[in-house]
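Subject: Structure handover

Hi,

Here is the structure for you to look over. My notes on the sheets, helix packing, backbone and cavities follow below it.

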Amino acid sequence: MFHRFNLRLEPMSDSIKHECGIVMIRLKKPLSYFQEKYGSPLWGFNKLFLLMEKQHNRGQDGAGIGCTKIGMPVGEQIMFRERSSDRNALSKIFNFQLKRYEEMVSSGDIHPEFAKTVKLNFDFGGELLLGHLRYATSGNTQERACHPYYRRSNWPTRTMMLAGNFTMTNTNELHERLVARGQHPVFDTDTRVVLEEIGYFLDEAHNEQYKKCVAAGQEGSGIYDTISRELDPADIARKAAAYWDGGYVLSGIIGNGDAFVMRDARGIRPCYYTEDDELIAFASERVPLLTALDKRVSEIHELEPGTITVIKSDGSVKNERFAPEAKRSACSFERIYFSRGNDVNIYRERKALGAALSDQILWAINHDVDHAIFTYIPNTAEMAYFGLLGKLHSMNRELAARRPVEELKAGTLTEDRISDILGNTGPRGEKIAIKDIKLRTFISEESGRAQLVSHVYDIAYGVVEPEDTLVCIDDSIVRGTTLKESILKMLSRTEPKKIVIASTAPQIRYPDCYGIDMSQLGKFIAFQAAIALHKEMGSEDTVLDVYQDCLDQAGKEPSELVNHVKRIYDPFTDSQISKKISELVRPSDISWKGEVEIIFQSVENLHQSCPRHTGDWYFTGDYPTPGGYAVLNQAFINYYENRSGRSY
């Protein structure tokens with residue numbers, strides 16, 4: 001498997017690929033309604049683009065859109081799809097389709113004021129619209145791996161498109177189940193396996209209804225109408241999902257006009273929706289629905305974990321549970337970094353994450369706020385930065401309020417002291433790293449990326465004095481590579497006494513397997529630090545023992561697996577590992593002689609700041625599903641045997 005780094009150069013300390021983005025729109029009114037009310041029969045199509053564009057942060061490996069037209073005459077195509085893995089795929093797809101639309105208007109094939117001509121002639125002039133933005137965590141980055149995936153049949157009730165934000169940990173097992181049934185599935189991505197699994201039970205449901213119709217003497221279109229009416233996507237999904245292990249939000253469209261969106265029982269992956277008399281729409285983030293559809297916060301709802309919303313072809317909507325209730329484990333990385341921060345709750349949570357670092361930061365600067373400068377990198381850390389400054393200013397005000405009373409009692413309060421206390425402006429925040437927007441470029445090699453990051457940001461020279469400590473807030477630190485090769489080199493040019501990098505996320509110690517592309521254990525800087533400490537202590541035998549125990553678990557059921565990798569970290573405190581990380585990421589090729597200290601959020605503070613998103617397996621090793629431990633097991637074996645590549 002291979003990856004290309006088409007990442008806009010605005011990184012965390014280490015930019016990582018992560019969850020995809022989905023959109024589904026089901027228009028409840030005919031296209032003519034939107035033409036009359038909004039002046040365009042493409043109102044739904046345009047909203048699809050807006051909802052995808054406002055989630056473009058979620059996927060840059062490709063994009064895809066799909067459409068199903070409800071109630072088309074027999075013989076007319078009902079389902080359409082367009083995908084691209086090109087750079088700026090989203091814009092290219094929509095620009096191409098809109099150009100085709102304008103050409104058909106010019107040729108007279110489409111008369112916008114007559115919506116029927118749009119539905120008949122424009123591929124995406126339909127009531128059911130599906131969109132997907134892809135980050136590759138399975139398969140490759142070619143167009144054929146982009147969603148939606150399409151399962152064709154000359155029966156609409158056996159035809160389906162599927163798009164999702166997910167990763168399954170047991171894809172091989174699911175593939176083997178398909179083969180055991182006598183099928184011959186194309187095994188390229190976990191999406192294909194999931195599509196075929198749902199398709200299998202879709203076929204079963206179709207065939208069951210078909211036999212009943214024939215037995216009842218029905219003929220022709222009556223058979224199709226009955227099958228379409230009786231088809232139960234929720235029951236199909238319930239059967240298909242029985243053996244899934246992973247985090248997922250899946251959206252599907254069936255050729256008869258039925259649609260569904262389902263979310264895993266632990267709520268690992270996010271999904272929101274809104275519904276009114278014109279439409280029901282789903283998205284991976286809340287704010288796009290608010291903005292693109294002009295909704296209030298109270299009108300956006302979270303799709304409950306373990307439930308599926310089914311929209312039948314007649315427009316009726318039903319939500320029901322398809323999986324037993326389970327402990328909620330919503331991904332905390334969504335709140336720390338991935339989702340856009342203009343969501344009101346995420347904004348507050350990121351500010352809380354910054355504020356929660358205040359005690360550790362004060363300790364790191366010896367409480368000498370007068371000689372500290374606070375900043376942030378990248379721009380997504382700005383909210384945490386505001387939270388930290390707000391907390392420090394609050395603490396400073398409390399201290400300033402107490403000092404006059406304390407000094408009055410001590411008899412040391414003078415007019416000069418009052419002036420000093422009142423003149424204390426508190427912690428000093430500065431914009432030290434300034435992004436050069438002219439260098440918004442795409443690069444293909446990680447080595448080039450590391451070199452260019454230091455040039456994407458200019459620094460504010462002359463702001464930091466030699467006696468100052470420069471405190472920089474970051475979202476998270478995964479591998480420490482960019483921190484060592486670029487960011488610390490850049491910040492050291494300000495020549496402070498000390499640089500403190502404060503991560504709003506705890507130490508990332510374990511691989512993820514539910515959507516985030518970070519499964520190579522040996523690349524994590526926290527893991528490297530723990531291994532280095534074992535070498536210093538002469539306890540390398542622990543590493544060998546863990547490897548042997550991981551090998552001994554081979555062939556066991558995932559539910560029987562134990563997290564032996566925790567023993568790599570157990571002998572050391574968080575502070576010891578942080579100190580070793582500070583040593584490992586300090587650049588060796590700089591002339592600056594100051595100190596570097598890396599500090600991390602505590603898991604306890606993370607949970608307090610993000611109380612509804614407690615998924616923390618990458619920090620704690622406590623995986624929400626059995627498959628997570630199987631992935632961890634393989635990741636450690638891969639590390640010890642010096643094998644690269646994903647562990648799932």
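An open sheet of 5 strands runs in the order β15-β14-β18-β19-β20, with parallel pairing. Strands here are DSSP runs of E with at least two residues, helices are runs of H or I with at least four residues, and both are numbered from the N terminus. Two strands pair if DSSP finds at least two bridges between them. β15 (428-429) and β20 (595-600) are the edge strands; each has a single partner strand, so one side of each has no neighbour in the sheet.

This is a predicted model: local features need pLDDT of at least 70, side-chain atom pairs count only at pLDDT 80 or more, and totals for chains, interfaces and linings use all residues. Residues are numbered from 1 along each chain as its sequence is written, and side-chain values use heavy atoms, with hydrogens and water left out.

Back to the parallel sheet. Strands β14 (residues 372-376) and β18 (residues 469-474) are joined by 5 bridges. I373 faces L470 in β18. Helix α16 (residues 481-492) lies across β18, β19 (498-503) and β20, at about 130° to β19. Contact means heavy atoms within 4.5 Å. Axes are lines fitted to C-alpha atoms, for helices over the stretch in contact, and angles run from 0 to 180 degrees between N-to-C directions.

There is also an open antiparallel sheet. Its 7 strands come in the order β3-β2-β4-β1-β10-β9-β11. β3 (79-84) and β11 (301-302) are its edge strands, each pairing on one side only. Strand β1 (residues 21-27) runs antiparallel to β10 (residues 279-283), and 5 bridges join them. R26 has I280 as its bridge partner in β10. Helix α3 (residues 89-107) lies across β2 (62-68), β3 and β4 (128-134), at about 40° to β2.

Next, a helix pair. α17 (residues 525-537) packs against α20 (residues 574-585) at an angle of about 100°, with the axes 9 Å apart. The two helices are therefore roughly perpendicular, a label that covers 65 to 115 degrees. On the α17 side, the contact includes I525, A529 and L533; on the α20 side, it includes I577, I581 and L584. By class, the contact has 9 nonpolar, 2 polar and 2 charged residues. Ala, Val, Leu, Ile, Met, Phe, Trp, Tyr, Cys and Pro count as nonpolar, Asp, Glu, Lys and Arg as charged, and the others, Gly among them, as polar.

Some backbone points to check by eye. H147 and P148 are joined by a cis peptide bond, omega about 0°. P148 sits in the loop between β4 and β5 (149-151). I377 and P378 are also joined by a cis peptide bond, omega about 5°. P378 is in the loop between β14 and α13 (382-410). N366 is not a glycine, yet its phi is positive, at about 55°. N366 lies in the loop between α12 (358-364) and β14.

Last, the cavities. The whole structure has 4 cavities of 30 Å³ or more. A cavity is a set of points, on a 1 Å grid over the protein atoms alone, where a 1.4 Å probe fits but cannot get out; lining residues have an atom within 4 Å of a point. α9 (286-292) and α10 (333-338) each supply at least two of the lining residues. The lining divides into 4 nonpolar, 2 polar and 6 charged residues.

Best wishes

Conventions: 1 Å grid on protein atoms, 1.4 Å probe; cavity = no way out; pocket = protein on both sides within 12 Å on 5 of 7 lines; lining within 4 Å. Points joined across faces, edges and corners; volume = space filled by probe spheres on them. Parallel < 35°, antiparallel > 145°, perpendicular 65-115°, else oblique.
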